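Student: I have a new structure to get to know. Can you walk me through it?

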Amino acid sequence: MHRPPTAATAAGLRLLLVAVLALGSWLPSRANAHMQGMYKTKAAAEKRAQELKCAGAFPMGGLWMPCANERALHKAIQTN
């Protein structure tokens, strides 16, 4: 039989949700890191590639990322 949550249970779940959201804002996810390195144009991604000392740009989900591919991008980020 399913019982409705008590006020204490609901309050605990709200606290847990707030904690998870706060933690998520402190620890950037890989997706968030990718979003910061995505550009609307190939030219903008190529400009960033020059800054990272790699060449080219590659498409990712309708946007562009710097360097020839994801492996080259991760290598460039680690060395800069």
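**A first walk through the model**

Tutor: Let's start with K53. K53 is exposed, because its relative accessible area is 70%, over the 50% cut-off. One thing to keep in mind: this is a predicted model.

Student: Where is the place of K53?

Tutor: K53 sits in the loop between α3 and β1, and β1 covers 57-60.

Student: And what is phi of K53 near?

Tutor: Phi of K53 is near 65°. That is a positive value in a residue other than glycine. Most residues other than glycine have a negative phi.

Student: What about phi of C67?

Tutor: C67 also has a positive phi, near 85°. C67 lies in the loop between β2 (63-66) and α4.

Student: Is C67 buried or exposed?

Tutor: Buried. The relative accessible area of C67 is 0%, so C67 falls under the 20% cut-off.

Student: Which residue does a disulfide join to C67?

Tutor: C54. The S to S distance is 1.9 Å. The count for the model comes to one disulfide. A disulfide is a covalent bond between the sulfur atoms of two cysteines.

Student: Which parts does the pair tie together?

Tutor: C54 is in the loop between α3 and β1, while C67 is in the loop between β2 and α4, so the pair ties together parts that are 13 residues apart in sequence.

Student: Is the disulfide left-handed or right-handed?

Tutor: Left-handed, because the torsion about the S-S bond of C54 and C67 is about -75°.

Student: Is C54 buried or exposed?

Tutor: C54 is buried, and so is C67. Not counting residues up to four places away in sequence, C54 touches A49, P66, C67 and A76.

Student: New topic. Which residues are in the largest nonpolar core?

Tutor: The core has nine residues: M38, A49, L52, C54, F58, M65, C67, L73 and A76. Helices α3 and α4 (70-79) each supply at least two residues of this core. In soluble globular proteins, nonpolar side chains tend to be buried together.

Student: Let's pick L52. Where is L52 found?

Tutor: In helix α3, which spans residues 42-52. L52 counts as buried because its relative accessibility is 6%, under the 20% cut-off.

Student: What does L52 touch?

Tutor: P66, L73, A76 and N80, leaving out residues up to four places away in sequence.

Student: How far apart are L52 and I77?

Tutor: They are 25 residues apart in sequence and 6.9 Å apart in space, C-alpha to C-alpha.

Student: Now charges. How many salt bridges does the structure hold?

Tutor: One. The side chains of E51 and R48 meet in it, at 3.1 Å, N to O. Side chains of opposite charge can pair when their charged atoms come close.

Student: Where do E51 and R48 lie?

Tutor: Both are in helix α3, three residues apart, about one turn of the helix. E51 counts as partly exposed, at 45% relative accessibility. R48 is partly exposed too, at 30%.

Student: Last topic, confidence. What is the mean pLDDT of the chain?

Tutor: The mean is 75, and 55% of the residues reach 70 or more.

Student: Where does pLDDT stay under 50?

Tutor: Over residues 15-27. Where pLDDT is low, the predicted coordinates should not be read in detail.

How values were computed:
Residues numbered from 1 in each chain as written. Predicted model: local features only at pLDDT ≥ 70, side-chain atom pairs only at ≥ 80, totals over all residues. Heavy atoms only, no water. Helix = DSSP H or I, 4+ residues; strand = E, 2+ residues; numbered from the N terminus. Buried < 20%, exposed > 50% of the residue type's maximum accessible area, 1.4 Å probe, protein only. Contact = heavy atoms within 4.5 Å. Core = buried A, V, L, I, M, F, W, Y, C linked by side-chain atoms within 4.5 Å. Salt bridge = Lys/Arg side-chain N within 4 Å of Asp/Glu carboxyl O. pLDDT = per-residue confidence, 0-100. Disulfide = S-S within 2.5 Å.
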